[in-house]
There are 2 protein chains.
Amino acid sequence: MKKVCFIGSCGHSGSAVSVICDNPAKFEVPAVCAGAAGVSMEKVVKNLTAKGFPAPKEYLDYQEMLDQEKPDILVVDAYFCDHAKMSIAALERGIHVYCEKPAATTLEDLDQLEAAYRKAKEKGVHFAYMLTTRYDPWFYTAYQAVQQGAVGEIRMLNGQKSYKAGKRGVLYHQRDTYGGTIPWVGIHALDWVLWFSGKRVKTVSAVQSAIANNNNGSMEATAICLFQLEDEVVAHINIDYLRPQTASTHGDDRIRIAGTKGVIEVRGGQVYLINGGAQGEQTLPLQQPPKIFQDFVESLNGEKACTITAEQSLYFTRVCLTAQKSADSGLLIEM
Amino acid sequence: MKKVCFIGSCGHSGSAVSVICDNPAKFEVPAVCAGAAGVSMEKVVKNLTAKGFPAPKEYLDYQEMLDQEKPDILVVDAYFCDHAKMSIAALERGIHVYCEKPAATTLEDLDQLEAAYRKAKEKGVHFAYMLTTRYDPWFYTAYQAVQQGAVGEIRMLNGQKSYKAGKRGVLYHQRDTYGGTIPWVGIHALDWVLWFSGKRVKTVSAVQSAIANNNNGSMEATAICLFQLEDEVVAHINIDYLRPQTASTHGDDRIRIAGTKGVIEVRGGQVYLINGGAQGEQTLPLQQPPKIFQDFVESLNGEKACTITAEQSLYFTRVCLTAQKSADSGLLIEM
C-alpha cells in the first residue's frame, strides 16, 4: 500500500489519479493541497471518492501536509514556477516525487533541485517526470522499432508540438508563473529527440514569439529550437499554439527520425516507417505501452527500472531552459 | 524566335529543353557547351534533334559560344562553382540568364554576380533561377491559397527537403565544385519559406554533417537551418540525403505554414489545410501551374512578370551561403 499526496492539478496529475483509481488495494490518498490560489483539487477528489476512496484531507500548506501525512509519493502538479521548491521539500523528507514538467522554470531553481535530488538519491529516493507522451502508443511503438534498428544509426531528428491555444488561465499569462512555451510544451518534443537518440546537446539556438497567442499574456505562440547533438547528429523542434480550433485533435505531435537505414515518423497517431525491408514503406501496428504512473510505482518497488529516469528529467529541463535563454537573448549557447 | 544556348546539363536545364521542344516555332538552339570535363550534352542534343531541331554546334569555350552565337538566352546548368562566372559572362554581353541554383557557391562570387546583374538590369537584361518546385502543382496551389488568406498572417514556416543520396558524380564530392548541401538542396525549402512569407532574414544559425552520405565525398548528408525573420516570424528548414532507396519517390518535399487563421501543409504531393472555414480540415484540389521556363520567356517579352525575380534568386542564394557559413563556423549570423 502506497500513500500518495497531491499538490495541485494544473497539468497531468490525472495520469496518477487514474492508476490509483484502478488499483484501490494498492494506494491510499490521505491528503491533497491546491498549492496556489485559484487552483482547485475538486476534480481529483471527485474522481477518487467516486471510486470509493475516502475524501482526502485538504491542506493549505503543503509542507505541513508532508510533515503530517508522511506520504511515500508526492505528485507535484502546481503552478510551474513552484514545482522545484515543492519537489525539493519532498526529496529532503525522503519522499519520492512524481512531477509535472517543467521541474523548474529558472536555471537557478533547477540547480537547487538537482542538488536536492543528488542527496536524496543516496537514500534511494526517486524522482520522475510526467513525460506522458512517451507512453502514447505511437511514440512507444516508434521507440521500440528504433531500438530494434529500424532506421539504423540516427542522424537527424525533427520534432513538432502544435496545440490549440484556447483561452488559458493566468498561470500561462506571465513568464514568472508559466516558465515559457519551450519548457512547458517543447519539452515533450525534446524528450523524443534525446530519448530516441540517446545523445546529449552540444549547442542550442532558438527563436520564439508571443505574437498571435490568442490574448494569453506573454505566452509564446511559436518557438523553434535547433540542436547540435553529439556525434554530429542534428535535431530541431518546432512548437506552436496555432492549431486551429476546428482541428480534429487538440495536438499535432510529430517526430521524424532519419537514420542510416531508414526514416521513421510519428504523425497523426500513426507510425510510418520506410527502410530497406521487404515492405519498403509501411505503417507499424501500434503496441500497447504501460501506464506512466504504474511504471514509476513499480520502479519504486524495484520490480523494474522506470522508463523515465531522474537524470533525464533534470537534464531535459536544463536543455529547455537553456533553449529558452537562447531565444530570449538571441544567442547560440554551448552546453 | 528566341535563340537559346546551353552550358552544361548537371541540373534542371531539362525544364528549358522541354518547353523548347514543345514550341519549335518559338525557339532555336544554335549551340551548346559542356562547360566542364565529364559533363555530357548528349541528352540535351538528343531531345532537341528528336523533335526536329538541327543538331546544335558544340563549343569547348563558352565565352567563344556567347561571342559567336549571340543568343538571347543562356541556360546555365554547369558545375555549381561555375554558375556565377558563366552568368556574369552572359549578363555583361546583354544576354538573359536562366540559371540553375546555386547561382554562386561563395559569397565573393555572389557579390560579383550581383554587381554584374545590377549593371545588366539597367539595360533590361533578366536573370532568373531554376526554383523549379514553385511550379509543382502542390506548392503552386498552396501559394495561391496562402495569398488568398487561407492561414491569415503567417507566424511560422517549417520546410523539408529529403532526397535519396544514391552514388553521385564527382561534382558533389567536393565543396569546391558542389558548394554544399544547404545551397544546392536547401535553397528550394528556403524559397518556400521566403516566397510564401515575403519576409527577409534577420538571423540564421545552422548545423550540418557529412556523416552517412553514402560515400559521396564531403557532401553533407544532413543540415538544419533556423531563421529569425522580420516581424518575429520564425522558420526552419531541414535537409537530408537519407531517404531510403525503397521510398516511392526520390524526394519528400514539405512545407508547413502556421498562421493566425490556420495551418496549411504540402506533403506527399498534396495540400492539406485546416482553418476556421466550414470544412475544417480539407485537402485542396491541385491547380495547374505554368511551366517555369515559359514563365521566364514570357516575362522577357513583357507579357507578364516572372514569378521568380532576380532579386529573390540572388537574395536567397545569399541566405543559403550565409547559412552554410553558420554551419561551417558554428556561429549564429545576423544578416
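Colleague: In which loop does Gly280(A) lie?

Modeller: Gly280(A) is in the loop of chain A between strand E14 (270–275) and strand E15 (281–283); helices (H or I, at least four residues) and strands (E, at least two) are DSSP runs numbered from the N terminus. Residues are numbered from 1 along each chain as its sequence is written, chains are lettered from A and ligands numbered from 1 in the order in which they are written, and side-chain values use heavy atoms, with hydrogens and water left out.

Colleague: Is Gly280(A) buried or exposed?

Modeller: Buried means under 20% relative accessible area, exposed over 50%, and partly exposed in between, with a 1.4 Å probe and protein chains only. Gly280(A) has 6% relative accessibility and therefore counts as buried.

Colleague: Which residues is Gly280(A) in contact with, leaving aside its neighbours within four places in sequence?

Modeller: Contact means heavy atoms within 4.5 Å. With those neighbours set aside, Gly280(A) contacts Leu273(A), Ile274(A) and Asn275(A), together with Thr246(B). Gly262(A) is 18 residues from Gly280(A) in sequence, and their C-alpha atoms are 9.4 Å apart.

Colleague: Which peptide bond involving Pro102(A) is cis?

Modeller: Most residues other than glycine have a negative phi, and most peptide bonds are trans. The bond from Lys101(A) to Pro102(A) is cis, with omega near -10°. Pro102(A) belongs to the loop between strand E6 (96–99) and helix H5 (107–122) of chain A. In chain B, Lys101(B) and Pro102(B) are joined by a cis peptide bond with omega of about -5°, and Pro102(B) lies in the loop between strand E6 (96–99) and helix H5 (107–122) of that chain.

Colleague: What is the phi of Lys70(A), and what is that of Glu232(B)?

Modeller: Lys70(A) is not a glycine, yet its phi is positive, about 45°. Lys70(A) sits in the loop between helix H3 (62–69) and strand E5 (73–76) of chain A, and this residue is exposed, at 60% relative accessible area. Glu232(B), also a residue other than glycine, has a positive phi near 60°. Its loop joins strand E10 (222–229) and strand E11 (234–240) of chain B; Glu232(B) is partly exposed, with a relative accessible area of 39%.

Colleague: What pLDDT does chain A average?

Modeller: Where pLDDT is low, the predicted coordinates should not be read in detail. Chain A averages 96, and 100% of its residues score at least 70. For the complex, the predictor gives an ipTM of 0.96 and a pTM of 0.97.

Conventions: Predicted model: local features only at pLDDT ≥ 70, side-chain atom pairs only at ≥ 80, totals over all residues. pLDDT = per-residue confidence, 0-100.
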